[in-house]
Amino acid sequence: MTEQQQKVSRADAGSFVAAPQGGAALEAEVLPGLLPAGAAPEGRRASLWSDAWRELRRNPIAIISSLFILLVVLMAVVPGLFTRQDPRACEITLSKLRPSGEHWFGTDNLGCDYFAQTIYGARASISVGVLVTLGTAILGILIGAAAGYYGGIADALLSRASDIVLGIPLVLGAIVILTVIRSRTIFTVALVLMLLYWPTVVRIMRSTVIGTRNMDYVQAAKALGAGNLRVIRRHVLPNAIAPVIVVSTINLGIFIAVEATLSYLGVGLSRPAISWGLMISDAQRLFRSFPHLLLFPGLFLSVTVLSFILLGDAVRDALDPKLR
Amino acid sequence: MGRYVLRRLLQLIPVFIGTTFLIFALVFAIPGDPIRALAGDRPLPAPVQEELRDRYNLDDPLVVQYGKYMANLVQGDFGQDFRGRPVSDIMAERWPITIKLSLAAFAIEIVIGLLAGLLAGLRLGSFIDNVVRISTVVIISIPVFVLGFTLQILLGVKWEIFPVAYNGTFNGLLLPAIVLASLSLAYVARLTRTTLAENLRADYVRTAVAKGLPRRRVVGVHTLRNSLIPVVTFLGVDLGSLMAGAIVTEGIFNIPGIGNQVFRSILSQESTVVVGIVTALVVIYLFSNLIVDILYAVLDPRIRYD
């Protein structure tokens, strides 16, 4: 993975040269054991990944959605950068003010500054999204790769286990589990979603690994005496990981929406946590006379989800050579 | 074919047992004493508590409880809630509304989703295509509860086009059905669009055009049938999840359906009701998956199961 990132950053620095395809790249695939580490020939730069990266940088939708995601992540990490107001310092006499120069997004029922609330609300959404996505991706890649590559009884048992978990609808299962848990935090919500969602990623990974396992270059690497771990790490994973990355990007948006839904239903995060789902839930009763209470968290929530979906779509298009 | 169906049915059994046991264990792991919750402020006399515990098998180990529950279930007995009302009665009262809602949503999803996908897929890059692409991705990114409750206020309260909440008429189900269908509708449109566009580039389509067939026949007979395979898969699986996904929609519009019931039962620890409804949902979900797999073979003659 670090190698991928290096490759990507090298391409980013503009040092990308359209190297002749074919010979060198093929050789590097077939003769991994004979090359010292880090001495990859020039041809390797024209990999699927560097091509995809080039494609992505030229795609305006990918750039705009990445910028917005960056903004929301900044809001989540250092909310103080955007507002000096303390979202919990509320003045009940200032209840339900409309947006103004003083309070950009107005104030909520308790007189808290709504702009500060919206900024601070990003943290819950982004944390849950990132935690669940990372958790399911790591679990999915490790388990899926092992199951797909080795097969056998472990694979069969795992497939049945994932069938069982997949039989439970995501939101319904999360509601059932979360009602059991008394103190619900970002971590518990993320953990529950992870528990219910890992099989989906395992399935995707497993099927692409099975597809890759029997490719000629994998057989060649084996014939040259590469061990199983090396084959998986150097040959199978880089070629089978693309679908998981695409699905994970899109899922990040979906998980953010699910977290908001659970908080809205009253089984996700609870006060004094600040989250867009909770804000929308509170806005529900007051929406008719104070539409701004729904508008701002709803807008931020939707645009964040939208950005991840659009970015995921762009990554998929960039990674799919058929579309070029 | 018959043997394939049989094998798949047999495979369903362990999955069914595993999933229902998981749900059963989770629900009964809810801390707190349901008997005490039932009694409220004034505790019940000890003998009554004993009697109730005995009746609901609350003192048995979990696996034994599950076994007894399943033994009753296969005989059609879903047990009773803590007020003594049979769960099957509750379900009989709630299911019809949810089924009506899901079917209405399903119809909307098929008609509008397919139509939008077709119009977009036939002319990639056209104005309609862009409208469909942008509107579907926007619909997908707005969480259902935000959409539902915005539409409820706008169309229901402000402009009074639809009833605000469910009032027992079909008209009252229309707006909830649109909200429930929205997400799947967007997926159907996008799926139809991509597969149609992909298949229109296929060699056999070029051959059909070269033979001089009219465009209607090329699209209608040659392309559409192949393009619909992934769409049908999605639709089949989706009918199951529409019913499970009605929790939020039924909550917003106050529809007394199965989703509303299961959510309230979870909050009030009515374990038997929760397990009963979730079990029924799991069965629907598993069977819709099975039907989709069988439909594959019908739609695509290249796929044969032995």
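**View 1. The bend in helix H10 of chain A.** In this predicted model, H10(A) bends by about 25° at A:Arg234, and a proline, A:Pro238, follows within four residues; the bend at a residue is the angle between axes fitted to the seven residues ending there and the seven starting there. Helices (H or I, at least four residues) and strands (E, at least two) are DSSP runs, numbered from the N terminus. Helix H10 of chain A covers residues 228–240 and spans only 15 Å between its end C-alpha atoms, whereas a straight helix of 13 residues would span 18 Å at 1.5 Å a residue, the expected span being 1.5 Å times one less than the number of residues. The buried residues of H10(A) are A:Val231, A:Ile232, A:His235, A:Val236, A:Leu237 and A:Ala240, where buried requires 20 or more other C-beta atoms within 10 Å of the residue's own, exposed 12 or fewer, and partly exposed a count in between, with C-beta atoms placed from the backbone. These buried residues pack against helix H5 (114–150), helix H8 (186–213) and helix H9 (216–223) of chain A, contact between two residues being defined by C-beta atoms, placed from the backbone, that lie within 7 Å.

**View 2. A:Met279 in helix H12 of chain A.** A:Met279 belongs to helix H12, residues 276–286 of chain A, and counts as buried because it has 25 C-beta neighbours inside 10 Å. When neighbours within four places in sequence are left aside, A:Met279 is in contact with A:Gln117, A:Gly121 and A:Pro297. The C-alpha atom of A:Met279 is separated by 30 Å from that of A:Thr200, and these residues are 79 residues apart along the chain.

View 3. Over residues 1–43 of chain A, pLDDT stays under 50, and the model has 47 contacts beyond four places in sequence for them; pLDDT is the predictor's confidence in each residue, from 0 to 100. Where pLDDT is low, the predicted coordinates should not be read in detail. Chain A averages a pLDDT of 76, and 81% of the residues score at least 70.

**View 4. The side of chain B that touches chain A.** Here 37 residues of chain B are in contact with 30 residues of chain A. The elements of chain B that give two or more residues to this side include helix H6 (127–141), helix H10 (215–244) and helix H13 (271–299), while H1(B) gives the most, with 8 residues. The residues on this side of chain B divide into 31 nonpolar, 6 polar and no charged, where Ala, Val, Leu, Ile, Met, Phe, Trp, Tyr, Cys and Pro count as nonpolar, Asp, Glu, Lys and Arg as charged, and the others, Gly among them, as polar.

**View 5. The two domains of chain B.** Chain B is divided into domain 1 (2–74) and domain 2 (93–299), with bounds that come from an automatic or database domain assignment, and 33 Å separate the centres of these domains, taken over C-alpha atoms. In chain B, 15 residues of domain 1 are in contact with 11 residues of domain 2. H1(B) gives the most to the side of domain 1 that touches domain 2, with 11 residues, and the residues of that side divide into 11 nonpolar, 3 polar and 1 charged.

**Numbering and cut-offs.** Residues are numbered from 1 along each chain as its sequence is written, and chains are lettered from A and ligands numbered from 1 in the order in which they are written. As this is a predicted model, local features need pLDDT of at least 70 and side-chain atom pairs count only at pLDDT 80 or more, whereas totals for chains, interfaces and linings use all residues.
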